[in-house]
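Colleague: I have a structure to go through before class. Can we talk it over?

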Amino acid sequence: MNLVEEFLSYLRLELNYSPLTVDAYRRDLTQWAEFATGKAEEVTTSPLDLLSPFDVTTNDLRQWIGSLARGGCTPRTIRRKASALRAFFRYLMRNHGLKANPASALTLSRPSKELPVYIRPNETEELLSADNPAATDDFNELRDRLIVEMFYSTGMRCQELVDLLDINVDTRRGELKVHGKRNKERIIPFGARLGESIEAYRQLRDSASTTAVGINDSEAHFFVRKNGEPIYRKLAYNVVHTALSLGGVHATRLSPHVLRHSFATDMLNNGAPLSSVQQLLGHASLASTQVYTHITYREIKQNYQLAHPRALKKGGKHGH
């Protein structure tokens with residue numbers, strides 16, 4: 001096992017990083033290894049096996065960062081890749097006697113702060129109230145509608161929805177339990193409308209032998225395909241993208257994460273405490289949740305400019 005694979009195993013087994021995070025580290029470090037060794041990954045020899053990380057200098061890393069910038073990588077992406085390097089060399093210092101971290105001296109430009117993309121409440125309401133969830137006996141149609149509704153009603157991440165177990169969805173209590181980043185559990189409450197949609201889906205799902213979930217099956221996934229296998233991230237993404245596109249939603253991105261942003265924004269706009277939204281989203285830090293306060297303030301400012309007489313310019317035009 002090479003040092004990168006050892007590091008990735010440490011992230012997965014010791015620090016309990018999610019498979020998605022570990023895969024991201026793997027991609028970034030493999031890309032760096034290909035540049036450092038001048039060898040693309042092949043079946044016979046991985047560039048990770050050819051690395052000599054103890055001989056790497058800060059200047060070597062700067063050359064790679066420069067090549068990324070010239071290749072069109074965004075500052076945000078470059079910072080993420082540099083973070084992977086810092087973490088890897090920090091691991092070597094702690095466990096293999098590396099004297100200094102060559103990635104710690106990298107200076108990177110700060111990416112511009114982008115506000116999360118979200119959907120306006122009237123658009124989500126129109127999207128989700130189109131039909132009675134029990135009015136169709138088409139399995140995929142009912143399931144896909146529920147996927148969109150659950151993303152917006154709970155604010156869960158895409159992988160959390162894909163991994164959701166049937167046993168962890170309790171319509172009697174109006175709660176579901178998800179496993180978030182680093183396998184942290186949290187409970188998310190939901191309302192009666194989502195509960196009705198869940199029961200309609202379960203009834204149709206369990207009426208067919210190929211998709212039915214056993215009462216005592218503690219490992220059964222909640223969302224499945226027609227063949228009974230669990231759904232996957234790309235399927236969930238495509239379901240949301242198609243629904244938002246057909247629904248005429250006006251947003252620069254049409255993805256599950258946009259529905260998560262919309263959930264958080266609407267919660268705050270309707271008076272939910274920031275700390276409560278933090279817990280519902282599964283954010284480790286309140287700072288991650290505070291970005292939504294910028295959105296809600298912008299909404300308030302726009303409403304002021306549209307409604308207050310003193311915000312109007314002469315001739316009926318609004319101030320800015």
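Modeller: We will go through the helices and strands, then the cores, a few residues and a pocket.

Modeller: This is a predicted model, in which local features need pLDDT of at least 70 and side-chain atom pairs count only at pLDDT 80 or more, while totals for chains, interfaces and linings use all residues. Residues are numbered from 1 along each chain as its sequence is written, and side-chain values use heavy atoms, with hydrogens and water left out.

Colleague: How many helices and strands does the protein have?

Modeller: There are 13 helices and three strands. Both are DSSP runs numbered from the N terminus: helices are H or I with at least four residues, strands are E with at least two.

Colleague: What order do the strands take in the sheet?

Modeller: The order is β1-β2-β3, in an open sheet with antiparallel pairing. β1 (169–170) and β3 (185–189) are the edge strands, each pairing on one side only. Two strands pair if DSSP finds at least two bridges between them.

Colleague: And how many bridges join β2 to β3?

Modeller: Five, and the two strands run antiparallel. One example is Lys177, whose bridge partner in β3 is Ile187. β1 and β2 pair over two bridges, and Asp170 stands opposite Glu175 in β2.

Colleague: What lies between β2 and β3?

Modeller: Five residues, and the two strands form a hairpin. Arg182, in the turn, has a positive phi of about 55°.

Colleague: New topic. What share of the protein counts as buried?

Modeller: Of its 320 residues, 41%.

Colleague: Which residues touch the most other members of the largest nonpolar core?

Modeller: Met150, Phe151, Met156, Phe222 and Phe223, out of 46 residues in that core. A nonpolar core is a set of buried Ala, Val, Leu, Ile, Met, Phe, Trp, Tyr and Cys residues joined through side-chain atoms within 4.5 Å. Helix α7 gives the most to this core, with eight residues. Apart from this core lies another, of 29 residues, among them Tyr17, Trp32, Val56 and Phe89.

Colleague: What does Met150 touch?

Modeller: Not counting residues up to four places away in sequence, the list for Met150 includes Leu161, Leu176, Ile198, Phe222 and Phe223. Contact means heavy atoms within 4.5 Å.

Colleague: Where is Thr154, and is it buried or exposed?

Modeller: Thr154 lies in helix α7 and counts as buried, at 0% relative accessibility. Leaving aside neighbours within four places in sequence, Thr154 is in contact with Leu176, Ile188, Leu194, Phe263 and Leu280. The C-alpha atoms of Thr154 and Ile188 are separated by 6.5 Å, and the two residues are 34 residues apart along the chain.

Colleague: What about Leu61, buried or exposed?

Modeller: Leu61 is buried, with a relative accessible area of 0%. The residue sits in helix α4 (residues 58–70). Among the residues Leu61 touches, leaving out those up to four places away in sequence, are Trp32, Val56 and Phe89.

Colleague: Where does Asn16 lie?

Modeller: Asn16 lies in the loop between α1 (3–13) and α2 (19–37). Although not a glycine, Asn16 has a positive phi of about 60°. Asn16 is partly exposed, with a relative accessible area of 35%.

Colleague: Last one. Which residues lie nearest the centre of the second largest pocket?

Modeller: Leu128, Glu149, Tyr152, Ser153 and Arg193, from a lining of 21 residues. The elements giving two or more residues to that lining are α6 (121–128), α7 (139–154), α9 (192–205) and α11 (256–269). On a 1 Å grid over the protein atoms alone, where a 1.4 Å probe fits, a pocket is an open set of points with protein on both sides within 12 Å along at least five of seven lines, and lining residues have an atom within 4 Å of a point.

Colleague: How much space lies in the second largest pocket?

Modeller: About 480 Å³. Grid points are joined across faces, edges and corners, and a volume is the space filled by probe spheres set on the points.

Definitions and conventions:
Buried < 20%, exposed > 50% of the residue type's maximum accessible area, 1.4 Å probe, protein only.
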